Amino acid sequence: THVSIGIRLRDMNRLTLLLLTSLAPISWGTTYLVTTEMLPAGHPLLAGLLRSLPAGLVALGLGRALPPRGWWLKSLALGILNIGAFFPLLFLAAERLPGGVAAAVAGVQPLIILCLGALMLRDRIRPLTAAAAAVGAGGVALVVLGPAAELDTVGIIAAVGGVTATALGMILTKRWGRPAGVGPVAYAGWQLTAGGLFLLPLTLVFEGFPPSIDGGAILGYLWLGAVGGLIAYTLWFRGIQELPVIAPGLLALLSPVVATTLGTLLAGETFTPVQALGLSLVLSALVTGQLAALRKPRREVAPSTQGPLAVARR
C-alpha cells in the first residue's frame with residue numbers, strides 16, 4: 001500500500017541520515033591518534049583554534065550566510081559549547097590519556113543527553129533508550145578501567161567536561177533549530193567561527209605557538225580541520241536537528257570504538273579482555289538504541305494516514 005511504502009521510504013531516509021551522521025563521531029575517533037602522534041605536545045588551545053577557525057571561515061564562504069537578527073548570541077553560545085570549550089578539553093584529554101580511554105569517556109554523553117533532554121526539551125525518557133545509554137556507559141567504564149595504570153585525573157576531568165559541554169550544545173541546537181533558508185554548511189560555519197574566535201585570544205595569551213610545526217603536524221591540522229571540523233560538523237548538526245536528539249548522542253559511542261581500535265593497531269596501546277567486553281557492550285547499546293530510533297516513525301506516521309478523525313483522537 002501507499003502507507004507502507006511511505007513508511008519504508010521514511011525509514012530508509014532516517015537510516016541514510018543516521019549513517020551520514022555517524023561519519024562525524026567516526027572521524028572524531030581519529031583525533032586522539034592524530035593528536036598524540038602528529039601534533040606538537042602541550043598546545044591544546046592551538047589545536048582547537050586551528051581545527052575550528054579556518055574551517056569556520058571556509059564554511060562561511062561556502063554557505064554565504066551570516067546569522068540573522070536574534071541569532072548572533074545563539075551562535076556564540078553554541079560555538080563556545082560545541083567548539084570553544086569542547087576542542088581544548090578534547091585535546092587536553094587526548095594528550096594525557098591513551099586514545100581509547102580519552103574517547104571512551106564520551107560514552108557517558110548519552111546519559112547526560114537523556115537527562116538534559118528531559119529537563120530542557122520535555123522529552124520522555126524511553127526505557128529502551130535509557131537501557132541502551134546505561135549499557136553503553138557500563139561498557140565505557142570497562143574500557144576506561146582497562147589500562148588503570150595509565151589513567152590521569154586531569155585527563156579524565158577534561159574528557160568529562162568536554163562531553164558535558166557538547167551535550168548541552170546538542171540540546172540547545174535541537175531546541176533552537178536552524179533559521180529558515182540557512183543550509184547546514186553555513187550553520188556549521190557560524191559555530192566553528194564563533195568557537196575559533198573564542199579560542200584565538202586564549203591561545204595567544206596562555207599558550208602561543210610551538211617553536212616549529214613540521215609537515216606531519218600540518219597534515220594533522222588539515223585532517224582535523226577539514227574532515228573532523230568542516231565536514232563532520234556539517235553532518236553532525238544536520239543529524240541533531242532532523243533526528244531524535246538521543247540518536248546522535250548514541251552515535252557518539254562510535255568514537256571510542258574507532259579510537260581504541262586505532263590505538264591498539266597503530267599506537268601499540270594495551271587491549272585487554274575486559275576492554276573487549278566493554279566495547280562489545282558499547283556496540284550492543286549502539287545498535288539497540290538506533291533500532292529503537294528507527295522504529296519510532298511507525299508510531300508517528302501510521303495514525304496520521306487514517307484520516308482527520310484519527311488525527312483528532314491523538
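Biologist: Why is A134 called partly exposed?

Modeller: The relative accessibility of A134 is 43%, and the word buried is kept for values under 20% relative accessible area, exposed for values over 50%, and partly exposed for those in between, with a 1.4 Å probe and protein chains only; A134 therefore counts as partly exposed. This is a predicted model, in which local features need pLDDT of at least 70, side-chain atom pairs count only at pLDDT 80 or more, and totals for chains, interfaces and linings use all residues. Residues are numbered from 1 along each chain as its sequence is written, and side-chain values use heavy atoms, with hydrogens and water left out.

Biologist: Where does A134 lie, and how far is L111 from A134 in space?

Modeller: A134 belongs to helix α7, residues 127–144, where a helix is a DSSP run of H or I with at least four residues, a strand is a run of E with at least two, and both are numbered from the N terminus. Between A134 and L111 there are 6.9 Å from C-alpha to C-alpha, although the two are 23 residues apart in sequence.

Biologist: What makes R64 and R122 exposed?

Modeller: R64 has a relative accessible area of 76% and R122 has one of 68%, so each is exposed by the cut-off for that word. R64 sits in the loop between α3 and α4 (72–96), with a positive phi near 50 degrees in a residue other than glycine. R122 sits in the loop between α6 (109–121) and α7, and its phi, near 60 degrees, is likewise a positive value in a residue other than glycine.

Biologist: Why are α3 and α10 called oblique to each other?

Modeller: Two packed helices are described by the angle between their axes and the distance between the axes. The axes of α3 (residues 44–63) and α10 (residues 215–242) come within 9 Å and cross at roughly 55 degrees; here axes are lines fitted to C-alpha atoms, for helices over the stretch in contact, and angles run from 0 to 180 degrees between N-to-C directions. Angles under 35 degrees count as roughly parallel, over 145 as roughly antiparallel, 65 to 115 as roughly perpendicular and the rest as oblique, and α3 and α10 are therefore oblique.

Biologist: How do you know that F206 is exposed?

Modeller: F206, in helix α9 (residues 184–206), has a relative accessible area of 65%, and is therefore exposed.
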